[in-house]
Amino acid sequence: MEVEILFFAQARDLVGRASLRLEVPPGLRLAEVVETIAAQHPALRPALASMRFAINEEFATVQQRVVAGDRIAFLPPVSGG
Amino acid sequence: MIRVDVREQPLNVAALQAEVGRAGAGAVLSFVGTVRNDKGGRRVLHIDYDAYVPMARRILQSIAADVARRWPTCAVVIEHRVGHVEVGQASVVIALSTPHRADGFAALRHAIEALKRDAPIWKREYFEDGSVWVQEGS
């Protein structure tokens with residue numbers, strides 16, 4: 001199944017792109033999607049400990065399962081306001 | 001009334017304050033986050049805000065709705081700017097009105113703290129010798 005990965009701020013700088021599409025097995029947990037991305041983009045690893053994630057524009061825990069068409073966002077520590 | 005927006009255009013602070021005025025509101029309060037010219041002794045030239053815009057709109061909407069649930073607010077408006085913002089310009093405005101001021105102060109503080117904690121918006125500060133993504137707490 002295909003999911004879309006979105007990168008913001010420092011994450012976008014580290015990966016070098018704002019988004020990519022990823023083919024993953026069905027039933028995967030967010031943690032495994034994150035690990036797949038980190039393996040492809042090792043520069044992201046040091047930033048993962050402070051990263052939050054969203055699935056379809058809602059904060060998500062890494063235990064949640066993803067489904068086809070999900071938009072997964074890598075969110076570095078925020079600094080709005 | 002609740003309204004939120006995330007936008008590139010400059011924020012009209014006076015208009016937002018006027019928008020939340022109500023006949024039953026004895027208190028109209030606003031927080032205006034403004035770009036400062038200094039960061040730890042270094043001169044800030046300008047700021048660039050990055051945002052996950054659709055999610056930021058959702059988060060601001062949920063913050064405004066939460067405030068309206070917890071306090072007897074008459075109206076709440078939250079607008080955050082994205083893109084290039086100059087020193088002295090407003091990056092965020094939260095304006096709200098309540099019958100009495102105690103609730104207004106509490107609601108306003110809660111709203112800005114929640115925004116700073118959860119809004120998927122990132123600030124990049126530009127100095128004479130480079131730029132840096134702001135880390136939380138700084």
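Modeller: Gladly, with the reminder that this is a predicted model.

Colleague: What makes the meeting of Asp118(B) and Arg52(A) a salt bridge?

Modeller: A salt bridge needs a side-chain nitrogen of Lys or Arg within 4 Å of a carboxyl oxygen of Asp or Glu, and the side chains of Asp118(B) and Arg52(A) meet at 3.0 Å, N to O, so the pair qualifies under that cut-off. Between chain B and chain A, the count is five salt bridges.

Colleague: Which elements of chain B give two or more residues to the side that touches chain A?

Modeller: They are strand E4 (42-51), helix H2 (53-70), strand E7 (90-98), H3 and strand E8 (121-127). H3(B) gives the most, with five residues, and Asp118(B) itself is found in this helix, which spans residues 101-118.

Colleague: Why does Asp118(B) count as buried?

Modeller: Buried means under 20% relative accessible area, and because Asp118(B) has 16% relative accessibility, it counts as buried.

Colleague: What is Asp118(B) in contact with, leaving aside its neighbours within four places in sequence?

Modeller: Asp118(B) is in contact with Arg52(A), Phe59(A) and Val78(A), and also with Ile59(B). For the two chains as a whole, the contact takes 26 residues from chain B and 21 residues from chain A, and the chains bury about 2000 Å² between them, with 53% of it on carbon and sulfur atoms.

Key
Residues are numbered from 1 along each chain as its sequence is written. Chains are lettered from A and ligands numbered from 1 in the order in which they are written. This is a predicted model: local features need pLDDT of at least 70, side-chain atom pairs count only at pLDDT 80 or more; totals for chains, interfaces and linings use all residues. Side-chain values use heavy atoms; hydrogens and water are left out. Helices (H or I, at least four residues) and strands (E, at least two) are DSSP runs, numbered from the N terminus. Buried means under 20% relative accessible area, exposed over 50%, partly exposed in between (1.4 Å probe, protein chains only). Contact means heavy atoms within 4.5 Å. Buried area is the accessible area (1.4 Å probe) that two parts lose on being put together, summed over both.
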